[in-house]
Amino acid sequence: MSLLHAVILLPFAFAVIVPLLHKYINKLHTGWFVLPVPVLLLTYFLQRISQVQDGRVIEESIPWIPSLNIHFTAYLDGLSLLFSLLITGIGSLVVLYSIYYMSKDKEAIHRFYVYLLIFMGAMLGVVLSDNLIVLYGFWELTSLSSFLLIAFWYQRERSRYGALKSMLITVFGGFAMLAGFILLYIMSGSFSVREIIAELGTVTEHSLFIPAMLLVLLGAFTKSAQFPFHIWLPDAMEAPTPVSAYLHSATMVKAGIYLVARLSPIFAGDATWFWLVSGFGLVTLMWGSYSAVKQTDLKAILAFSTISQLGLIMSLLGLGSAAVYFGYGEQSAIYTGAITAAIFHLINHATFKGALFMVAGIVDHETGTRDIRKLGGLMSLMPITFTLALIGTFSMAGLPPFNGFLSKEMFFTAVLKASQLDIFNVQSVGVLIPVVAWLASILTFVYSMIIVFKTFTGKYQPEKLEKKPHEAPLGMLLPPAVLASLVIVFGLFPNLLAYSIIEPAMVSILPSLADEFIVKISFWHGWSTELFMTIGVVGIGVLLYLTLQRWQKVYNVLPGKLSFNRLYDRALSTLENSSLRMTNSYMTGSIRHYMIYIFAFFIAVLGYLLFKLDVFNWRNAELAELSIYEVVLTAVLVAATLAVPFAQKRLTAIILVGAVGYMIVLFFVILSAPDLALTQMIVETVSVTLFLLCFYHLPKLRKEITSIPFKLTNAIISVGVGVIVTAIALAVTNNRLFDSISKYYLEESYNSAGGNNVVNVILVDFRGFDTLLEIMVLGIASLGIYSMIKLRHTDEPLDKRHGRTKTDKGGKA
Amino acid sequence: MNNGDVILQTSTKIILFIIITFSAYLFFAGHHNPGGGFIGGLMSASALVLLALAFDLKTVRKVIPVNYRVLTALGLLLAVLTGVGSFVFDVPFLSHTFGYFDLPLLGKTELATAVLFDLGVYLAVVGVTMTIILSIGEDT
Amino acid sequence: MEIMMSIATGVLFMVGTYLILSRSLLRIILGTSLITHGVHLLLLTMSRLKTGAAPLLGQEAAAYTDPLPQALILTSIVINFGVTSFFFVLAYRAYQELGTDNMEELRGGDDE
């Protein structure tokens, strides 16, 4: 247990305390107690920056399941640090924001903070784990906490729908990812990322390399909402806005990006990886920005925008993987730029999108709506919010002097370079890459303008708003203000990040090229193609925004909604119906059917096994001699047993079974088991008394009217069971594989336990634990009987009781 | 449940004590001869069942005014405590020991902690059996 | 002797199974009782029959029978007593409340 482990576990530990704090200290908003957690963690990670910058990574390992090579290894390098800073930094701001956003009197905020803390811990676990299985565990925990947070307002149908959707899609992907991890383990013999990287040679040559890659990517794409798995993210916007800002834009959805970056050293350099990652990224970028423009809900626009931006980062990681192909050299230097851009944009996106989500939350909170058709003219009422929104959207649109401008320029550089690649068959479609990127950027510009100007300018429509809007409280404005100021700071002084954070992170992504790159982000590139592209984006974007009314009809012509949502819905309902039908076909509710399954399986499996092992081979086992008493006893036993099914009266049946019991007693006597004989005799007596007591008052056993097939099935099954059991008994007699362990008991009974009755000594001494638990079972049974009889509903009509008077003494209703 | 059979009632009065004495013997004999907590307990319980059959449940309650659920709990508690007692002597749960002592009247006698555990079993078995029988008996 | 015991065990199991598959709750309970008896015989047979005196060391016999199955069976008998009683009372109460002990009629609805 090291400090780093403590860091991961701290949020979990605190999640346990939160409900207590909420219960006993209810004057203060619970959020204030939660806030120190991320702040504390943030300071810890900030202090680690210089250390990691020097290349000193932290690694602490606790063995967990050593036999399976699973260790809880916490590992802090550049990439982990970057994500940890995001998680704790944005986390602190979101908690602060939520204190003002979530009302402590109306909402179940203790649940909210418990889920949020679980998420925080899980997300830290994902980025700090070196062991893939541990990573997977935390990964699914983020899906789970996301599910709980989306469904926080579970009274709403949409919330539940969105929560389920996100859960199903991300867990499905996570499961595929687990399979991929296991394939990696098969190839390399290790679950540790760094050890797999060390085994790279054998891994890349292996025939399972591509399947493993596809499965891992499936996990990353579902988590990071890549096309066509993006459909869960817009529905996840039903979550409270702080959650959307935190999980669904800044951190959790970036887990997929993290995974791709983390595993890049393994997979990058392969054409399939290049095409899949950059291809899916570009399609997602395009589709997300295209869909965002037509949305009318502020958060929906932001959701699609997030999808689009995630696609952008993903495609950059894909393009950058080409650097690995070239290895150390001049060519690769060009493509490492793409990775730099990816990391830089990751940070930028977290800042401006976090700010924008918080702004959307403020608007929602103050006006009661997020519909841009109802909003407008809020600029003069909420000037600070407007300023923040302006900074955020302009950065998103890629305008100087904000940080979005820089990363967008770098993105353009990367796509332009990629179009000239002469590997992986890029030449044929290479020219499309910059075109798609450019078009998507124009649409990004348009929806950015929609967000800020449709909300804050235009006509003020107070009659459509539920509340009278005014500026938000300071605590709500502070977090987005911090993020917005970061947007400007990073825009003007990008090299603040370059050496301290981006470069160490790049070393993690491209370890083979670690010595080569120098990260330097310059504000002014000169009159380059990229700049002209940006100017084009702004020009056409403004034009499109102004003529929005006219060309928005496009969305009616082109499929407004690709049918992925419908596909998901239909698949889900089909799955539910068919599984219901399947279950109903065999879960009939009839015990008899279940018993038939069990017995049939018993016969089949044991019969096959006995046959296969050839146990009937007679080996002249020594048999005990047979005397006339035993033959008579057995005859009576068998006769009484066989008579039971033919008994017409309840009493006859009970007495016949009792007779069988007494025969068994006699067997015990013959076979030198006095204790058993005594016990069985008394039990049999008491049992028969009990049966008679129970059934004294009940009507006669009705004759069973049964069909021939019914009887035949029963007969076949029961004869089968009988034959199998006989065969087992014979097989055991014939084959003795090892000596009995009873010798020990016979020898030690007197010496160690001081008793002559070995059976009793075994019961109370050698196997005392069994006996203890056995009398507990008895106690439970007796309490069950007592409560079945004494505690019953008294508010039922009397006629159901067959007119009996109730003898309810200690019973409760 | 009262069938008022005079012969049964009269003989029960005598047999009852024989059975109970025998059950006590079985219980103590258990360590060396057939018997023990289970058998002793069942035997005692069956004596009480006989009482209940010959007279009625009210008589049983009057003669032995014991709450049998409490008896069950006591038995379980005793058994568990015997086990927990092992910890005091720093040995694993449910370790038993025995020794020989010279007692007045009885002479050299073996005393074993296993008997305490067996007593727990005995009490639990009596409690369980009687709870079951009495619950059903009072209901019908 | 072992062969005869094996057959007796088989018969107990067979009839027990047949009863368990019937519709009457009482028959099902009786079936479980029979199977329990069968199990006891099976355990005894498995440990070899008649190999010596009862496992009471005071007898100072040359050989004793295997005490371990006996301990197991003793446990089983007592547990069986508890479980059978529970079953019986369950059947009894079900009969009181629902007026039937036919398993087909006791079947739950489709929405369980």
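## Two roughly parallel helices

In this predicted model, α29(A) and α2(C) run roughly parallel to each other, because their angle is about 10 degrees and angles under 35 degrees count as roughly parallel. Their axes, lines fitted to C-alpha atoms over the stretch in contact, sit 11 Å apart.

Who touches whom? On the α29(A) side the contacts (heavy atoms within 4.5 Å) include Val657(A), Ile664(A) and Phe668(A); on the α2(C) side, Ser33(C), His37(C) and Leu44(C) are among them. By class, that's 12 nonpolar, four polar and one charged residues.

## Cavities

The structure has seven cavities of 30 Å³ or more. A cavity here is a set of points on a 1 Å grid where a 1.4 Å probe fits but cannot get out, and lining residues have an atom within 4 Å of a point.

The largest is about 130 Å³, with Glu684(A), Ser687(A), Ser33(C), His37(C) and Asn80(C) closest to its centre among 16 lining residues. Helix α30(A) gives the most to this lining, six residues. The second largest cavity holds about 70 Å³, and its lining includes Leu671(A), Leu44(C) and Arg48(C).

## Ground rules

Residues are numbered from 1 along each chain, and chains are lettered from A and ligands numbered from 1 in the order written. Local features need pLDDT of at least 70 and side-chain atom pairs 80 or more, while totals for chains, interfaces and linings use all residues; side-chain values use heavy atoms, leaving out hydrogens and water.

Technical notes: Axes fitted to C-alpha atoms, helices over the stretch in contact; angles between N-to-C directions. Helix = DSSP H or I, 4+ residues; strand = E, 2+ residues; numbered from the N terminus. Parallel < 35°, antiparallel > 145°, perpendicular 65-115°, else oblique. Nonpolar A, V, L, I, M, F, W, Y, C, P; charged D, E, K, R; others polar. 1 Å grid on protein atoms, 1.4 Å probe; cavity = no way out; pocket = protein on both sides within 12 Å on 5 of 7 lines; lining within 4 Å. Points joined across faces, edges and corners; volume = space filled by probe spheres on them.
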